[in-house]
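I opened the notebook to look up a few features of one protein model. The entries below follow the order in which I checked them.

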Amino acid sequence: MRIHRAVWQEVGTRGKAIKATEGGVEEGGEAGMAAEEEGNGMVKARGTKAKGVKAGMVKARGTKAKGVKSKGTKAKGAKARGTKARGTKAKGAKARAPRLRNELKGRLLRRLVPNVHLGTILPKEAEWAESGTKMNWKCVACGTVNLVVKGSKCAAMVDTGAEMNIIREADAMRFGLDIVRSDCGILHGASCKAVFCGTTSNVLIEVGKLRARACFSIMSDVDHGILLGRSFLSRTETVMFNKHDETLILLLCDLACGNYEIITCRNTRPRSIRNRPNPGSFTIEESKGERRRLQAEPEAGERVEAFSLSLSDVGKAMDLVAAHEMADPDAIQALREQVLECPETGRGRLKQGSQRRYKTVDKKCRLVPVLVTEDEEAYYERERGLIRRMRENALAGLCRINEGNEEELIIGEPDFLLPQERTLMVELMKRRHRAYAFSDEERGRLDEDKIPMIRIHTVPHEPWNMRGARYPNPDEEKKVVDYLDDKISTHVADYSSGPYMSPWFCFIKPNGTLRWVQNVQRLNAVTVRDAGGLPNADALSESYVGRPIISLIDLYSGYDQFPVYPPDRPVTAMHTPRGLIHMNVAPEGWTNAVAMVQRTMIRVMQAVNPHITQPYIDDLEVKGPAVKESDEVSPGVRRFVWEHIQDLKKVLSLLEEHNLTASGAKSRHCMREVTILGFVCSEKGRRPDVKKTDKITE
């Protein structure tokens, strides 16, 4: 603990000693000086009535009203209404009196900090462990403490690794803090960047008896309402104790008032979620033996010569060592750092048997960022089991097209199809109802025995960890959690345990449902690009011109039907309210998703491509006959409609064979005209979609 230097007074048994460290006034006798040497810390002043020296001067006990006199000391030349110090005139003392008064008053108001030994104030649980105790847990860097901010009780996270203090914007407004909005910017963290919207200063924080003021950066969205970093810890000269059982104890000091507080952080006790086992721990005796082994003297046959180098010769020394293969690259780097450690002397010296005290950053232990994989056949067997269950449920279930959703089907314009033609199309859809889906539970999944799963090939890289969106509103969080649960239950996503984490968020679509968006920019940066592309939009739309009838089949959540190879899935992981989960299917926004889904759909429709349909990602535009033959093949069914329905039957059969499903509500069947890639195509030709051109002309 520190002792603040301030103006002090000490009273002796035979005399008085008055000392002003900055005022330059000293009075007293030999007995008072002896009392000073004995260390009496009593502060006392009585009977001050000296008119020449105002309230800032201190009169010792026993002096007279009009002069200063102590036993064994005579006041020579002192007048009745003033006090003349040795070598100082009365006018000078009187001129300094206001300044002395203010300085002495300010200093005497501060309490003296006692000289306290740590052993007398630390709690029993912070004492040293018994001999032979191992560190069962690694040291923790964060802990939660209770405090008071402007009279309001709250909890804060003490983070020994943060360089600044942070407070949530809502809490800052609740406490009534003065926010400087113009002072804003970006905070660079260890794994990401965050925007702060302002700052606040001179905030009074109370932790028990301890009171301290701190400055905060204000952020709108943080995990903890208040985060105290090294700025606060240095101001309070905090001492941290990490015990072997993962308990973190803080000793905070109030240097101005002499108070101190000992806090045991709440979330750092044994069996905390922050605990990290330390199985390779040494006992104190074992660590001493290990240290002696590492620092053992070289053998008699080895000779290590001491030498010194000037800083200007460092480059030459590096070349010399490397040229003669006298050391490996790590030793060369150690030599460079050792020489550069003493820049103030101009010379760096390596002594015989010298050892580095700390490990360099590249020598420290890190977790290995690798993915644990299984045998490839095991992955495919699990995927086959999932496809088998989906097929069995579809066979055992009722017809997906029933009276409830039959009216919602989009089949022809009102004045285009005849009643018998519409009935024929509905019967075909009922026979191939397993090729349609009206809910996530009915959505298909590509059979990996027909076409292999999608692979994510990457170049060597370091895993990334970037947090996603947070939803402090309980209602919004519940909607997001329900949405994630649906994705997990329908095998679109699953729980992950890999080293990757990408940002993500959810938004509300115009129809009121949620949709999530994953930021896969980091994944795209390390992905081996697939050069596959899409067909030309003009050529594709032109091939449908002049057809008397056209259908548009839209896959139900198309990307969610194309699974990713299991060992590649962890790179799509994201941290959500349900924990770390990854995508089981092709992620939207991934650089190779379009090329791979397009290639897969071409393989699925290979038998009918391009004369019947030409896939465009997850859309299948089915062409009608080139010539409109209106003769009836059966009562009420025209030939060109009947031929088109036969083509639709082939397309739906291929979807059902590969376990893919089209959207029953969004697909358009037997239409006179449809919109294809921004063009309205029909028997008469094609024209730009008005919805697209209006945005340009507005």
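**Entry 1**

Is Lys666 buried or exposed? I looked up its relative accessibility and found 53%. Lys666 therefore counts as exposed, because the cut-off for that word is over 50%. I note here that the model is predicted.

Next I looked for the partner of Lys666. Lys666 forms a salt bridge with Asp554, and the closest N and O atoms are 3.4 Å apart. Asp554 sits in strand 22, while Lys666 sits in the loop between strand 29 (662-663) and strand 30 (668-671). These parts are 112 residues apart in sequence, so the pair ties them together. I also checked the cover on Asp554. Asp554 has a relative accessible area of 13%, so it is buried. I wrote down the general idea too: side chains of opposite charge can pair when their charged atoms come close.

**Entry 1: Leu552 in strand 22**

I stayed in strand 22, which covers residues 550-554 and holds Leu552. Is Leu552 buried or exposed? Its relative accessibility is 15%. Buried means under 20%, so Leu552 counts as buried.

Which residues does Leu552 touch, leaving out those up to four places away in sequence? I listed Leu620, Glu621, Ser667, Arg668 and Thr675. I then compared Leu552 with Val674. They are 122 residues apart in sequence, yet 7.4 Å separates them in space, C-alpha to C-alpha.

**Entry 2: the sheet with strand 31**

I looked at one pairing in detail. Strand 31 pairs with strand 32 (residues 679-682) in the antiparallel sense, over 3 bridges. Val674 stands opposite Cys681 in strand 32.

**Entry 3: a hairpin**

Leu620 was one of the contacts of Leu552. I looked up what Leu620 faces: Pro615 stands opposite Leu620 in strand 26. Strand 25 (residues 613-616) and strand 26 pair in the antiparallel sense over 4 bridges. How many residues lie between strand 25 and strand 26 in their hairpin? There are 2 residues between them. Ile617 is in the turn and has a positive phi of about 60 degrees.

**Entry 4: more salt bridges**

I asked for the total next. The count comes to 31 salt bridges. One of these joins Glu383 and Arg569, at 3.5 Å from N to O. Glu383 lies in helix 9 (residues 376-396) and Arg569 in the loop between strand 22 and strand 23 (574-576). The pair links parts of the chain 186 residues apart. Are these two buried or exposed? Glu383 is buried, with a relative accessible area of 4%. Arg569 is at 10%, so it counts as buried.

I also looked up Glu629 and Arg639. Their side chains meet in a salt bridge of 3.5 Å, N to O. Glu629 lies in the loop between strand 26 (619-622) and strand 27 (632-634), and Arg639 is in helix 16 (residues 639-657). Glu629 is partly exposed at 34% relative accessible area. Arg639 also counts as partly exposed, at 25%.

Some salt bridges share partners. They join Glu377, Glu381, Arg384, Arg388, Glu448 and Asp449 into one network.

**Entry 5: a nonpolar patch**

I turned to the surface. Which residues form a nonpolar patch there? They are Phe505, Phe507 and Val517, with about 230 Å² of accessible area together. Val517 belongs to strand 21 (residues 514-518). Its relative accessible area is 31%, so Val517 is partly exposed.

**Entry 6: the whole chain**

Last, I looked up totals. The protein chain has 17 helices and 33 strands. Of its 698 residues, 40% count as buried. The chain exposes about 41200 Å², and carbon and sulfur atoms supply 51% of that area. Among contacts with a separation of 6 or more, residues 24 or more positions apart account for 69%.

Notes:
Residues numbered from 1 in each chain as written. Predicted model: local features only at pLDDT ≥ 70, side-chain atom pairs only at ≥ 80, totals over all residues. Heavy atoms only, no water. Patch = residues over 30% accessible without salt bridge, like charges linked within 9 Å, V, L, I, M, F, W, Y side chains within 5 Å. Areas by Shrake-Rupley, 256 points an atom, 1.4 Å probe, with all protein chains shown as cover. Salt bridge = Lys/Arg side-chain N within 4 Å of Asp/Glu carboxyl O. Buried < 20%, exposed > 50% of the residue type's maximum accessible area, 1.4 Å probe, protein only. Contact = heavy atoms within 4.5 Å. Pairing = 2+ DSSP bridges.
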